Amino acid sequence: EIPIEALCPLWGAEGHYLRADAAFAFDKLATAYAEEFGRPLCVTDSYRSYAEQVAVKAAKPDLAAAPGTSNHGWGTAVDLCGGIHSFGTAEHRWLQLQAPGFGWFHPSWAEPTGSKPEAWHWEFGG
């Protein structure tokens, strides 16, 4: 459990929070994305408390990580929408090229050939 007061809000994504370094990098990435596409990054999930992780696992047992093991719980992962949630879109291709320059990456397990393809899931690595 990370107290919400210890997290930082995300630019253009009301109600979403990440760890300070991840949020700073996300805001820079989101600003570059908005310059390219004319809209902020679309976020469906960011930090999840342990209770939220339990609820997501119950609702989506095949998609969610075991509670306590999710990078969402550390405030270093986001789930994105607005085109990024699908492989092969202009938005997803742009993020694949640009995200590493801002410290963000798409984990190998989430790639189309990975163990659990999730175009929408991105993580902060610093």
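Q: How many residues of the lining of the largest pocket are nonpolar, how many are polar and how many are charged?
A: In this predicted model, strand S3 (42-45) and strand S6 each supply at least two residues of the lining of the largest pocket. Sorted by residue type, the lining of this pocket divides into 6 nonpolar, 7 polar and 7 charged residues.

Q: Which of the residues that line the largest pocket are the closest to its centre?
A: The pocket in question has a volume of about 310 Å³. It is lined by 20 residues, and the ones closest to its centre are Arg48, Leu63, His72, Asp79 and Glu118.

Q: Which element supplies the largest share of the largest nonpolar core?
A: The largest nonpolar core holds 22 residues, of which Phe26, Leu80 and Trp104 touch the most other members. At least two residues come from each of strand S2 (13-18), helix H1 (20-37), strand S4 (77-81), helix H3 (90-98) and strand S6 (121-124). The largest share, 8 residues, is supplied by H1.

Q: How many residues apart are the two cysteines, Cys42 and Cys81, that link distant parts of the chain?
A: The structure holds 1 disulfide, which Cys42 and Cys81 form with their sulfur atoms 1.7 Å apart. The link is left-handed, with -80° about the S-S bond. Cys42 lies in strand S3 and Cys81 in strand S4, so that the pair joins distant parts of the chain, at a separation of 39 residues.

Q: Why does Cys81 count as buried?
A: A residue is called buried under 20% relative accessible area, and partly exposed between that value and 50%. Cys42, with a relative accessible area of 31%, is therefore partly exposed. Cys81 counts as buried because its relative accessibility is 13%.

Q: How far apart in space are Ala13 and Thr44, C-alpha to C-alpha?
A: Ala13 lies in strand S2, and at 6% relative accessibility this residue counts as buried. Ala13 and Thr44 are 31 residues apart in sequence, while in space the distance from C-alpha to C-alpha is 8.7 Å.

Conventions:
Residues numbered from 1 in each chain as written. Predicted model: local features only at pLDDT ≥ 70, side-chain atom pairs only at ≥ 80, totals over all residues. Heavy atoms only, no water. Core = buried A, V, L, I, M, F, W, Y, C linked by side-chain atoms within 4.5 Å. Buried < 20%, exposed > 50% of the residue type's maximum accessible area, 1.4 Å probe, protein only. Helix = DSSP H or I, 4+ residues; strand = E, 2+ residues; numbered from the N terminus. 1 Å grid on protein atoms, 1.4 Å probe; cavity = no way out; pocket = protein on both sides within 12 Å on 5 of 7 lines; lining within 4 Å. Points joined across faces, edges and corners; volume = space filled by probe spheres on them. Nonpolar A, V, L, I, M, F, W, Y, C, P; charged D, E, K, R; others polar. Disulfide = S-S within 2.5 Å.
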